[in-house]
Amino acid sequence: TGSSTLTVAGSLGEPASPGLTATLRGSLADFAFVRRFAQSAIRNPQSAMGSIDVSIDATGPLDRPVLSGTLRVSDGQWPLTMQHAVTGANLTARYAAGVLTIDQLQAGFQGAALDASGRIPADLFRSWLPPRWHDLVPPSPGPADLTMRVSSLTPEIAAPFLDPSTLEQLQGRIDGSIALQADRAALERLTGNVTLDRAELSVAGVSFDQQRPTRLVVRNGRVDVADWDWGRGDNHVVLSGGLILGGTQALDITARTALDLRLLGAFTGRAQSGGRADAQIRLGGTVNDPAVDGFVTFANG
C-alpha cells in the first residue's frame, strides 16, 4: 500500500521448520487511518511522515510459538495541529524473551528535545492478559525502568494551547531528567526521581530562576518535594511536602511565597498591577476532595 510493503516468509509448526518472519517496511504516511483513534486529541492534522521498519519472528511449535521482533521509526513527524507537530521522532525497540527494550526514543516539539530509553518486562502486565495468551508471553522477571532527558523546554511548547498575548509574557528554559523503576504495574510500586538541572522562568518580566537543582523523589508511590526553591527577594516560591499517587491520592503540599504583583499582567490584559503579596498556603485532603488553608498579605498594591 502506497510505498509500504509487507513480506511474510518461512514456515512454522514442523520440528525442522525454520520459523516464520513478517517484515513491514515503508512510510508512516501510509497509516493515516490511525488518526481516527485519536481525533479527540488531534484537530485537523496533516499526515504523519517518516519511515517505519518492523520485523516479527516466530519459531517453535504452532501451539506455543516463540515470538521476537524489532521496531525502528526514523525521521518521524506527527502533527498535533495545522501549525504544530512533533518532529525528529526516532524510535529503536526490540522484543525478546518477554522483554520489550526501548534502546532509543527521540523527539522534538517547539524547540524542546526528548531522549529516552527503557525496559518493560512481561511480568509487569502478564497477569492482565487472557489465559490463552500466556503461552505467547513468557515470564520475565526484573523491574521495568525508564530514563528520560528533556532539554530546551520553553513556553513555546504551550503555543498550540495559549493565546499569543499570554505566551509573549512567559520566558524561560527548563532542562531536566527522569529516572523511574517499578516491579509491578501499580503506582505504589513506583520509585525514582525527577531532577531539573536548569529552571529559568520569567512571568511578565518577573524572574523565577531556581536557586539550586529542583528535585522530586518518588518512593513507594509517593512523590516528595526534596528541593524546590525558585526566585529570590520579592519573587520567591518554596515548595515542600508531597502527594500520594495511588490509593487515597492524599495531598500534603505547602507553598511559601513572596510575589511581585506585576506578574499578574501576564493574565490581565491591559490592566497593570503592582505591589507585593506574601503567602503561606497548604494544600491538603485528596485529589478529588482538596482542602486549602493559609494566609495571604498584600502591601503597596
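What percentage of the 301 residues of the protein chain count as buried? In this predicted model, 30% do, where buried means under 20% relative accessible area with a 1.4 Å probe and protein chains only.

**View 1. Overall form of the protein chain.** The chain has one helix and 18 strands, taken as DSSP runs (H or I, at least four residues, for helices; E, at least two, for strands) and numbered from the N terminus. Its radius of gyration, taken over C-alpha atoms, is 25 Å, well over the 19 Å that the globule rule (2.2 Å times the number of residues to the power 0.38) gives for 301 residues, so the chain is more spread out than a compact globule. The C-alpha trace spans about 85 × 40 × 30 Å along its principal axes.

**View 2. Surroundings of Ser-4.** Ser-4 lies in the segment before strand 1 (5–11) and is buried, with a relative accessible area of 7%. Leaving aside residues up to four places away in sequence, Ser-4 touches Leu-24, Arg-25, Gly-26, Ser-27, Asp-30 and Phe-31, a contact being heavy atoms within 4.5 Å.

**View 3. Polar partners of the Ser-4 side chain.** The side chain of Ser-4 reaches the backbone nitrogen of Ser-27 at 3.0 Å, and makes a polar contact with the side chain of Asp-30 at 2.5 Å. A polar contact is a pair of N or O atoms within 3.5 Å; within protein, one must be able to donate a hydrogen and the other to accept it, and residues adjacent in sequence count only if both atoms are side-chain atoms.

**Notes to all views.** Residues are numbered from 1 along each chain as its sequence is written, and side-chain values use heavy atoms, with hydrogens and water left out. As the model is predicted, local features need pLDDT of at least 70 and side-chain atom pairs count only at pLDDT 80 or more, whereas totals for chains, interfaces and linings use all residues.

Methods
Buried < 20%, exposed > 50% of the residue type's maximum accessible area, 1.4 Å probe, protein only.
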